[in-house]
Amino acid sequence: MNPRGPQIAAVVALCALLLPLALTGCGGGRGEGGLKSAGATPVAVGPVRLWPDLPPVTNPPVDYGKNDTERVPGVRVPDNDAHSVDPVAVVRAEVRARPGTYTGGDGMYEETARAIENCETSPAACPVLRPYYRDLTGNGRDELIVGIRMPDQQVGVRVYLAENGGLTRIMSTVDQVISVEVAGRDLILRVGSAGIPGYEYRTAWSWDEQQHSMLPTRDEIVRVKPPGTGPPTPPAPRLVSPTPAPTPGPRGPAAAPGAGDAADATDTGDTGYPPAPSPSSSGGATPHGSAP
């Protein structure tokens with residue numbers, strides 16, 4: 001006789017008893033734990049090309065993202081460390097290399113150029129702002145970010161890459177800048193919109209390895225709310241401590257003189273409220289917890 005026969009039969013019987021319980025526990029019932037529908041899935045709509053018969057462009061205009069790079073003349077950068085150069089000397093070298101240039105990446109107002117030449121003698125009037133250093137190219141070294149104040153509330157923003165023992169200007173733009181931010185390796189400029197009141201331009205400049213320069217990779221027009229149009233700020237909640245219930249005093253003449261005073265002092269330290277005054281024959285006591 002095979003000794004495993006009774007054991008196999010017992011296992012089969014046990015499985016037959018546990019199978020309905022297992023099915024019920026796996027969400028087969030109508031109670032909690034069952035799957036619920038998330039609703040209908042919206043139909044995906046692909047892009048539709050308009051005017052597909054338009055002829056291909058043969059003479060494209062100047063690229064919007066074009067940003068000519070320039071080698072800063074006469075500036076040496078030991079160990080390709082952008083921190084080792086003077087930003088005023090860098091901008092002055094560019095002004096002297098192209099005097100009288102008012103447009104393009106080297107464009108400079110005449111009064112701004114004169115003020116840059118006098119930064120040592122009149123530092124308070126120097127239009128070159130405090131420099132910043134960030135790794136915008138991903139090469140593991142910081143680039144030099146320079147801001148230049150100009151007339152009509154305009155600011156020139158320039159970025160310099162330290163390479164081959166010198167500096168290469170990889171970005172230059174001038175506009176009525178509201179703010180300049182760095183997010184990751186992007187330089188984001190917020191610029192006011194003169195033609196569309198209530199809106200501003202936000203442009204993200206990013207390093208492009210192929211062009212070896214910073215290009216405006218994302219440009220958007222964003223609506224801004226005028227001051228005071230947002231919802232009112234709710235007042236901060238005022239936290240008021242509850243009034244403690246009066247503590248019954250000891251009964252009978254066994255209480256020692258001063259014991260009640262000590263208990264009141266302990267309660268005052270716990271609740272922050274003054275102790276309840278003892279009733280007097282004059283009846284002029286202030287109730288406990290009320291305003292004086």
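Tutor: Begin with a cut-off: a residue is called exposed at over 50% relative accessible area, and buried at under 20%. Keep in mind that this is a predicted model.

Student: Is valine 48 buried or exposed?

Tutor: Valine 48 has a relative accessible area of 67%, so this residue is exposed. Valine 48 sits in the loop between helix H1 (4–28) and strand S1 (70–71). Together with Leu50, Trp51 and Leu54, Val48 forms a nonpolar surface patch of about 530 Å² accessible area.

Student: How do strands of a sheet pair?

Tutor: Backbone hydrogen bonds join them, in a parallel or an antiparallel sense. Here, five strands make an open sheet in the order S1-S5-S4-S3-S2, and the pairing is antiparallel. S1 and strand S2 (132–134) are the edge strands, each pairing on one side only.

Student: How many bridges join S4 and S5?

Tutor: Strand S4 (residues 154–163) pairs with S5 over nine bridges, again in the antiparallel sense. Glutamate 163 has glycine 166 in S5 as its bridge partner. The two strands form a hairpin with two residues between them, and asparagine 164 in the turn has a positive phi of about 55 degrees.

Student: How many residues of strand S5 are buried?

Tutor: Eight of the 10 residues in strand S5 (residues 166–175) are buried, so by the under 20% cut-off this strand is mostly covered.

Technical notes
Residues are numbered from 1 along each chain as its sequence is written. This is a predicted model: local features need pLDDT of at least 70, side-chain atom pairs count only at pLDDT 80 or more; totals for chains, interfaces and linings use all residues. Side-chain values use heavy atoms; hydrogens and water are left out. Patches are made of residues with over 30% relative accessible area and no salt bridge: like charges are joined within 9 Å, nonpolar side chains (Val, Leu, Ile, Met, Phe, Trp, Tyr) within 5 Å. Accessible areas come from the Shrake-Rupley method with a 1.4 Å probe; for residues, only the protein chains shown count as cover. A salt bridge is a side-chain nitrogen of Lys or Arg within 4 Å of a carboxyl oxygen of Asp or Glu. Helices (H or I, at least four residues) and strands (E, at least two) are DSSP runs, numbered from the N terminus. Buried means under 20% relative accessible area, exposed over 50%, partly exposed in between (1.4 Å probe, protein chains only). Two strands pair if DSSP finds at least two bridges between them.
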